[in-house]
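User: I would like to learn how to read a model like this one, feature by feature. Could you walk me through it?

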Amino acid sequence: AVCSMGNSTSRLYSVLAKTLSSGAVSRHQDCLEQLDPARLDPLDPKDLLEECQIVLQKRPPRFQRNFVNLKKNPASNHRPIRVMQWNILAQALGEGKDNFVQCPMEALKWEERKCLILEEILAYKPDILCLQEVDHYFDTFEPLLSRLGYQCTFFPKPWSPCLDVEHNNGPDGCAMFFLKERFELVDSANIRLTAMKLKTNQVAIAQTLKCHETGRLFCIAVTHLKARTGWERFRSAQGCDLLQNLKNITQGAKIPLIVCGDFNAEPTEEVYREFSNSSLNLNSAYKLLSPDGQSEPPYTTWKIRPSGECRHTLDYIWYSQHALNVNSALGLLTEEQIGPNRLPSFNYPSDHLSLVCDFSFNQDPDRLL
């Protein structure tokens, strides 16, 4: 049975290999109630990782990526805060709409692809995880990550394109997860972005957290702006709306801020300039990997569709540069690692690369902006 948990520790996690199939949420309500995280035992991440690897044993091993040390300041006494940003590729879109012509359908099977996604998350052990295109929140990510100690929040798109796909698993949206042992939730806002005063189909989540170790407050936000060429002004308007919301939430940058997102915008776009020049004094963390600290990576997504090959920089982690330091950032995959068929693939579950940064608080919190 789908919900059979068994007695052995290993079988307890077999919910991983058997999480509900597409469209099953309404058909298996009893099962979802059984998976209520408040009534389930905690999971050991090592055991979950092992189970993922058993499911993935016929696939090639995951790519190795290294952290680049960016720390210029003396060592902080406190553990850094690791933040992971990732558009994981909605299952319904990957199978039904995105037309990755060089990716075999076999590589997109949810039973295995979800294990690749979980393996990536477990490998980097983020304190805060920001995801886009999540359409398996209730049957996979929330039940599993809550048992790993994360507090979970999901905000779906009002008119998700996933709903147009046959046998979909519900709408996709943004999701945020933070470790309860490290942070306390002070405030949370689900934001439906507007453009030209009209409500749009794009959303954001912004949460104010208190760090247990330092007692410091900070705000973490996740968003996914409108896709496609021709929508540059629309994205710009969405970005302005998000910035205004974040100014209010952070009391005009008094509270440090980290913004993760798939902006669907190259650094040449207006929305990028708005974030760069905002009164919130934000910088893009992945610029720090470049030799001059001024250039974004050459790509964060690389795919082949019927219209041709697309290589773009669309994903960012913005941070308050007056209040936070970037200690390190995870290097991107090389062209050789990605391979000629690009992403997604048997090796990698999404068409977007995950971004991971370690942050520490500036030791002089009262420093002027």
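**Pockets, burial and confidence**

Analyst: Let's begin with a pocket: helix H4 gives the largest share of the lining of the second largest pocket, three residues. This is a predicted model, where local features need pLDDT of at least 70 and side-chain atom pairs count only at pLDDT 80 or more, while totals for chains, interfaces and linings use all residues. Residues are numbered from 1 along each chain as its sequence is written, and side-chain values use heavy atoms, with hydrogens and water left out.

User: What counts as a pocket, and what counts as a lining residue?

Analyst: Rolling a probe the size of a water molecule over the atoms shows where empty space is left. On a 1 Å grid over the protein atoms alone, a pocket is an open set of points where a 1.4 Å probe fits, with protein on both sides within 12 Å along at least five of seven lines; lining residues have an atom within 4 Å of a point. Points are joined across faces, edges and corners, and the volume is the space filled by probe spheres set on them.

User: Which residues lie nearest the centre of the second largest pocket?

Analyst: Pro 45, Lys 125, Leu 148, Tyr 150 and Leu 179, out of 17 lining residues. Two or more lining residues come from each of helix H4 (45-55) and helix H6 (110-124). The space in this pocket is about 410 Å³. Helices (H or I, at least four residues) and strands (E, at least two) are DSSP runs, numbered from the N terminus.

User: How many residues of each class are in that lining?

Analyst: Nine are nonpolar, one is polar and seven are charged. Here Ala, Val, Leu, Ile, Met, Phe, Trp, Tyr, Cys and Pro count as nonpolar, Asp, Glu, Lys and Arg as charged, and the others, Gly among them, as polar.

User: What is the volume of the largest pocket?

Analyst: It is about 780 Å³. Its lining has 31 residues, and Lys 226, Ala 227, Arg 228, Asn 264 and Arg 305 are the closest to its centre. Strand E7 (198-211), helix H8 (232-249), strand E11 (301-305) and strand E12 (308-312) each supply at least two lining residues, with the largest share, three residues, from E11. By class, the lining holds seven nonpolar, nine polar and 15 charged residues.

User: Is Glu 112 buried or exposed?

Analyst: Buried means under 20% relative accessible area, exposed over 50%, and partly exposed in between (1.4 Å probe, protein chains only). Glu 112 has a relative accessible area of 19%, so this residue is buried. Glu 112 is found in helix H6, where it touches Val 55, Leu 56 and Arg 59, leaving aside residues up to four places away in sequence. Such a contact means heavy atoms within 4.5 Å.

User: How many residues of H7 are buried?

Analyst: Ten of its eleven, so H7 is mostly covered. The buried ones include Tyr 137, Phe 141 and Arg 147. Leu 144 is also in this helix, which spans residues 137-147, and counts as buried because its relative accessibility is 1%. The C-alpha atom of Leu 144 lies 9.8 Å from that of Leu 40, although 104 residues separate them along the chain. After H7 comes Gly 149, with a positive phi near 100°.

User: What does Ala 90 touch?

Analyst: Ala 90 sits in the loop between strand E2 (81-87) and helix H5 (91-96), and its relative accessibility of 0% makes it buried. Not counting residues up to four places away in sequence, Ala 90 touches Arg 113, Glu 133, Asp 135, Cys 162 and Asp 172.

User: How many disulfides does the structure hold?

Analyst: A disulfide is a covalent bond between the sulfur atoms of two cysteines. The cut-off is a pair of cysteine sulfur atoms within 2.5 Å, and the structure holds zero of them. Among the cysteines, Cys 103 is buried, at 8% relative accessible area, whereas Cys 240 is partly exposed, at 39%.

User: What is the mean pLDDT of the protein?

Analyst: pLDDT is the predictor's confidence in each residue, from 0 to 100. The mean is 89, and 87% of residues reach 70 or more. Over residues 1-13 pLDDT is below 50, with 23 contacts in the model beyond near neighbours in sequence. Residues 20-34 also stay under 50, with 26 contacts beyond four places in sequence. Where pLDDT is low, the predicted coordinates should not be read in detail.
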